[in-house]
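Let's take a look at how the parts of a protein model sit against each other. Have the structure open while you read, and follow along piece by piece.

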Amino acid sequence: MSVAKPLPHDAAALHVTGAARYVDDVPCPTGTLHLAFGLSDTARGTITKMDLHAVRTAPDVVAVLTADDLEFDADTSPSNRDEPLLSTGEVHFAGQPLFLVIAKSHLAARKAATKAKVTIDAQTPILTIDEALAENSRFEDGPRIYEKGNAEDALTQAPNRLQGQLTLGGQEHFYLEGQAAMAWPQESGDMHVFSSTQHPTEIQHKVAHAIGKPMHAVRVETRRMGGGFGGKESQGNALAIACAVAARATGKPCKMLYDRDDDMVITGKRHDFRIDYDVGFDDQGRIHAVSFKQYTRCGWSMDLSLPVADRAMLHADNAYDIGHMRIESHRLKTNICSATAFRGFGGPQGMVGIERVMDHVAHALGKDPAEVRQTNYYPSAKSVAAGKIPGTTPYGMEVTDFELHEMTDALLAKANYAQRRAAIADWNAQNPVLKKGIAFSPVKFGISFTLTHLNQAGALVHVYQDGSVHLNHGGTEMGQGLFQKVAQVAASRFGIPLDMVKITATDTGKVPNTSATAASSGSDLNGMAVKAACDTIRDRMADHLAMQHQTTPDKVIFKDGQVQIGDHVISFADAAQSAWMARVSLSATGFYKTPKLKWDRIRGTGRPFFYFAYGAAITEVVIDTLTGENRILRTDIIHDAGASLNPAIDIGQVEGAYVQGAGWLTTEELVWDDAGRLRTHAPSTYKIPACSDRPDIFNVELWDIENREDTIYRSKAVGEPPFMLGISAWLALSDAVSSCGPAYPALNAPATAEEIWRAARKVTQDV
Amino acid sequence: MTKVHVTTTINGDPTEFLCEPDETLLDVLRDRLGMTGSKEGCGTGDCGACSVTLNGRLVCSCLVLGAEAEGQEIGTIEGMAQGENLHVLQKKFIEHAALQCGICTPGLLVAAKSLLEKNPDPTEEETRYWLAGNLCRCTGYDKIIRAVMDAAKEMREAA
Ligand code: FES
Ligand code: FES
């Protein structure tokens with residue numbers, strides 16, 4: 001069996017030699033032209049004049065396109081048709097593409113793009129949450145509300161009650177490979193597109209529209225991305241469409257890359273939030289009721305904001321069985337870049353809200369926050385299996401697979417939580433300047449796309465007459481190891497070594513109508529589709545061999561590169577050859593759709609998720625109260641990947657996700673100025689974690705227990721859930737700050753050095 | 001603009017090329033010489049994806065002009081393996097699963113090799129600070145550090 005083995009990434013040998021090709025590494029056909037957008041420097045207004053003479057006459061410029069030059073509807077939106085490729089007169093954010101330069105080199109295109117003289121009649125932009133609320137600038141008519149029980153009554157009746165507010169910053173994806181695409185015109189106007197995208201079918205669909213062709217005229221290929229994290233779910237559309245319309249206009253292959261600053265200014269980021277909370281609880285720390293108001297800045301266009309905001313609501317309970325809950329969600333339209341998908345897809349924001357509530361309640365009661373959390377947990381899967389009534393989420397889904405009681409006990413013991421917490425209290429009593437903090441936080445994350453129809457996948461498998469296998473599926477590889485996992489599934493089904501399976505680029509010409517590789521669902525969906533295709537071929541081979549050897553198909557066993565037919569053993573290659581000679585088809589498609597889903601997103605009821613993935617983390621930090629500087633000292637994690645398909649890949653996902661999550665809540669700060677211009681648009685000003693920021697001690701373990709639902713080899717999705725383990729780092733900083741004085745720190749995120757310093761002063765002074 | 005004629009050595013091979021006076025070494029490597037192992041993550045010296053060595057010194061090739069390579073020795077990721085034989089660092093990166101999307105990997109390997117040439121026995125902390133200029137958005141760095149420490153150990157034992 002190839003599954004459950006810690007095998008390295010399929011392309012590891014290519015990566016370490018620099019031979020792995022990303023879009024920008026594919027050799028360009030001769031005559032390839034290069035593109036750049038001319039961008040708006042104003043956040044809101046109407047274009048009154050666009051003088052492009054200097055752009056057109058700049059060296060090596062071939063053509064310049066504006067919205068008027070586009071023959072068909074070149075819209076880049078994944079949802080709402082509200083994103084013209086080039087402005088049609090209105091300007092909605094600073095950084096919006098106004099015109100497209102086509103030049104002989106990348107540099108020539110970029111230099112020319114800065115030469116335009118654009119006059120914009122500026123209006124006051126809507127930038128902040130309060131400004132958007134004041135103008136009722138929003139998507140959907142009003143707030144969306146999910147409710148369980150009667151939160152209002154329960155709040156008034158609870159023995160204790162408190163309120164608070166927190167702001168949560170957004171996050172730049174900072175995939176190390178910037179957005180990239182190339183379009184190559186083919187005969188009869190067809191288009192072959194290479195794109196660094198998580199969603200080749202969407203690119204195909206949008207490009208087809210933009211060049212006035214049916215989808216069959218467009219083929220999109222994606223071998224790999226240099227990181228995606230959700231930032232390449234819809235944000236690659238503009239480049240691919242630009243390449244296609246430019247290629248159509250010039251008849252030449254066209255390529256487009258965003259340089260890093262443009263990438264950060266133009267593309268969407270994680271949604272920032274403000275969360276107001278009102279909580280009622282008893283003296284034991286049992287929460288009776290919570291009411292949340294979630295406000296998010298969606299930016300200028302709808303993009304994926306509605307399902308993102310939905311998912312924030314769906315994770316407002318995290319791991320806690322709360323009797324009465326009300327969640328009100330405001331999706332605000334603002335004049336900044338359009339916020340988009342980012343690992344967790346709103347889930348992390350919702351979860352931070354309830355984790356703040358737990359922390360605040362524990363502080364108010366003077367209790368250990370870990371204990372307050374455990375007090376409020378959903379009933380365990382074991383107890384539910386033994387007959388206990390399961391807890392129900394605020395959206396009416398029963399929680400029957402809850403693993404966190406056992407995982408939490410194991411983690412608290414393994415990390416010596418109680419002793420370390422006491423030792424930290426002693427240490428803090430003796431050290432006036434440096435303060436330490438420690439925090440535990442759990443994760444319960446729902447797996448499935450909340451748009452139910454997206455939970456489908458296809459695969460195409462060929463077995464050649466020499467026994468080698470060619471594998472294609474609808475998922476894309478962005479470093480998460482999906483191709484490796486799926487190839488392991490194929491090798492296991494045929495009982496052959498992994499090197500007999502060739503993993504090929506995702507290609508809309510091979511597997512059609514795919515969903516984005518997102519929502520952590522890549523291996524769940526595609527693994528199952530590949531399994532179905534392999535099993536079809538295997539059954540045909542078994543039928544044939546059984547007939548040939550006068551036995552029954554159940555006596556045919558595929559194992560160790562060989563096929564056993566009763567007492568007879570032949571190699572898999574010979575079996576393939578024999579099937580071919582007997583005119584048995586050795587090619588098959590496979591299809592999978594996730595079962596059991598039923599969800600009404602407007603009413604907020606049903607079962608949006610197939611199952612939940614769980615995780616638990618403890619982080620210890622130290623802060624300098626005079627400067628706010630801080631470090632992560634130690635992190636311990638136990639994460640539930642079901643029966644892991646590949647422990648090496650899964651642990652890598654957990655580590656990377658934790659660090660990215662901690663980065664979001666600590667050093668990664670996006671700053672827009674009063675005119676709505678992003679001031680942090682390069683790694684010199686926007687700080688993602690570096691090697692020197694990694695925890696000094698970093699212990700990660702998988703919770704190796706089978707998924708209770710029937711997923712591929714009973715594994716669980718692992719892409720997004722561990723991102724939220726990073727919340728423990730933010731809570732640990734809050735814990736350290738709270739040792740400075742009696743008041744609650746009410747730390748906002750990101751907890752930059754400035755924010756920690758501010759909170760520490762406030763805690764000391766607010767007595 | 002008149003192009004500059006440059007004679008240099010890349011990974012031990014004498015090489016000549018023509019480039020614009022303002023063209024970076026990174027662009028020359030990638031676009032003129034087809035050596036796409038060095039990557040552009042930022043173009044401003046902040047991410048390390050474009051790391052190469054210039055006469056043995058670790059530099060960001062996005063901050064070096066192609067013309068500056070005249071008469072110098074350049075080392076890139078393409079020169080790290082000897083034919084089919086991977087360098088110990090490369091083997092350890094695979095063994096420790098120290099990569100995910102892999103786009104930071106060439107730069108990290110070049111930087112790590114340059115560290116071990118200067119200091120064959122670095123502490124973990126020295127390694128972490130040396131590699132702090134090489135950003136990785138996927139891995140969280142833990143396995144990268146383990147791979148480098150393990151490679152250093154194996155190289156010391158073999159020396
Ligand atoms: S591309 Fe040279 S340091 Fe980032
Ligand atoms: S492996 Fe993706 S950036 Fe390092």
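On the side of domain 1 of chain B that touches domain 2, strand E3 (residues 51-54) of chain B gives the largest share, three residues. Sorted by class, that side of domain 1 of chain B has five nonpolar, five polar and two charged residues.

Keep in mind that you're looking at a predicted model. So where are these domains? In chain B, domain 1 covers 4-79 and domain 2 covers 88-158, going by the domain assignment. Their centres, taken over C-alpha atoms, are 21 Å apart. Twelve residues of domain 1 of chain B touch twelve residues of domain 2 of chain B. Together the two domains bury about 920 Å², and carbon and sulfur atoms give 66% of that area.

## Between the chains: chain B meets chain A

Now zoom out to the pair of chains. How many residues does the contact take from chain B, and how many from chain A? It takes 43 from chain B and 48 from chain A. The area buried between chain B and chain A is about 3,800 Å², with carbon and sulfur atoms giving 56% of it.

## Charges and polar pairs between the chains

Here the rule does find salt bridges: nine of them across the interface of chain B and chain A. One example to look up is Lys111(A) with Asp22(B), where the closest N and O atoms are 3.5 Å apart. Polar contacts between chain B and chain A come to 19 residue pairs.

Which helices of chain B each supply at least two residues to the side that touches chain A? They are helix H2 (88-95), helix H3 (105-118), helix H4 (124-130) and helix H5 (142-158). H5(B) gives the most to that side, with four residues. As for the kinds of residue, the side of chain B that touches chain A splits into 22 nonpolar, nine polar and twelve charged.

Note on methods
Residues are numbered from 1 along each chain as its sequence is written. Chains are lettered from A and ligands numbered from 1 in the order in which they are written. This is a predicted model: local features need pLDDT of at least 70, side-chain atom pairs count only at pLDDT 80 or more; totals for chains, interfaces and linings use all residues. Side-chain values use heavy atoms; hydrogens and water are left out. Domain bounds come from an automatic or database domain assignment. Contact means heavy atoms within 4.5 Å. Buried area is the accessible area (1.4 Å probe) that two parts lose on being put together, summed over both. Ala, Val, Leu, Ile, Met, Phe, Trp, Tyr, Cys and Pro count as nonpolar, Asp, Glu, Lys and Arg as charged, and the others, Gly among them, as polar. A salt bridge is a side-chain nitrogen of Lys or Arg within 4 Å of a carboxyl oxygen of Asp or Glu. A polar contact is a pair of N or O atoms within 3.5 Å; within protein, one must be able to donate a hydrogen and the other to accept it, and residues adjacent in sequence count only if both atoms are side-chain atoms.
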